[in-house]
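Please open the model in your viewer and keep the selection tool at hand. This tour moves from one stop to the next and says what to select at each.

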Amino acid sequence: MRVLEEFDASTEAVVNPAHVVKPVPGMPRVVVSCFAWETFERMVSGFGGTKIGETREANMVIPVYQTSLKGTPVGMYLSPVGAPACVSTAEEVFAMGAETILLFGTCGVLDSSIGDCSIVIPDRAVRDEGTSYHYMPASDEILVNPRYMDIFTQMLDSLGCHYAVGKTWTCDGIYRETREKVARRKASGCISVEMECSAMAALARFREREVFQFFYAADNLDGETWDIRSLDNGARLDDKDRIAGLAMELAVRVAGVKGKNSMGLSDKTTR
């Protein structure tokens with residue numbers, strides 16, 4: 001029996017997100033999340049977040065905040081690291097009423113030419129984790145960011161921000177990223193490695209919600225030895241603040257597109 005091929009398309013499980021959380025009145029349609037708690041605390045402080053709800057993992061409480069940016073309500077929450085916890089938390093945020101999650105965090109790079117703290121945008125992900133197989137049938141890869149890619153890249157171009165677009169390797173065994181596996185993933189076209197992307201993309205497809213993900217480059221695996229660079233959560237905080245600002249600005253633009261679409265206007269800038 002091949003367990004990872006036992007996909008069940010039923011949308012109802014024994015335990016469902018609606019059993020755990022209730023809809024939040026006035027929940028923002030667009031929510032921004034990241035993984036680094038230092039950066040998140042600075043976001044909440046800098047953008048003036050007000051707590052509107054919470055979700056819980058087994059050993060933590062995750063507050064959900066709301067702020068207003070350029071007159072647009074935007075939600076914020078801290079994602080736990082790792083595909084299972086990240087996805088289950090996102091499930092509950094969607095159950096609260098969110099429609100789109102914009103998620104950003106660090107990635108390791110498999111291409112040493114990608115500079116430290118520069119933006120990496122995945123367009124496909126290798127499914128080398130287990131969570132996504134509960135949300136879609138088995139396959140080696142999944143399409144990532146089917147919408148809002150053009151909006152984000154155009155925004156980055158207008159701001160003069162350097163970025164790379166390419167395939168990511170989602171691997172939930174951080175101490176099993178062997179040299180042989182790194183070489184294989186590089187040969188298949190991967191430029192980055194992280195722990196959640198393919199699972200979040202599968203969740204979005206299954207629940208018919210939207211998830212847009214981007215990374216900022218941290219440690220370098222493309223060398224003779226591992227280079228930690230800015231992987232530490234407390235490193236280069238000013239640069240990470242600017243990256244958080246990019247995510248919040250994207251949230252405003254995505255909310256604007258969603259508002260136009262709700263009025264029946266076409267969206268020619270998404271795909």
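Begin by selecting Ile 174, Glu 177, Asp 219, Trp 226 and Leu 231, which lie nearest the centre of the largest pocket, among the 28 residues that line it. A pocket here is an open set of points on a 1 Å grid over the protein atoms alone, where a 1.4 Å probe fits and protein lies on both sides within 12 Å along at least five of seven lines, and lining residues have an atom within 4 Å of a point. This is a predicted model, in which local features need pLDDT of at least 70 and side-chain atom pairs count only at pLDDT 80 or more, while totals for chains, interfaces and linings use all residues. Residues are numbered from 1 along each chain as its sequence is written, and side-chain values use heavy atoms, with hydrogens and water left out.

The volume of the largest pocket is about 770 Å³, a volume being the space filled by probe spheres set on the points, which are joined across faces, edges and corners.

Finally, colour strand E5 (100-109), H5, strand E9 (190-194) and strand E10 (210-220), each of which supplies at least two residues of the lining of the largest pocket. The largest share of that lining, 4 residues, comes from E5.
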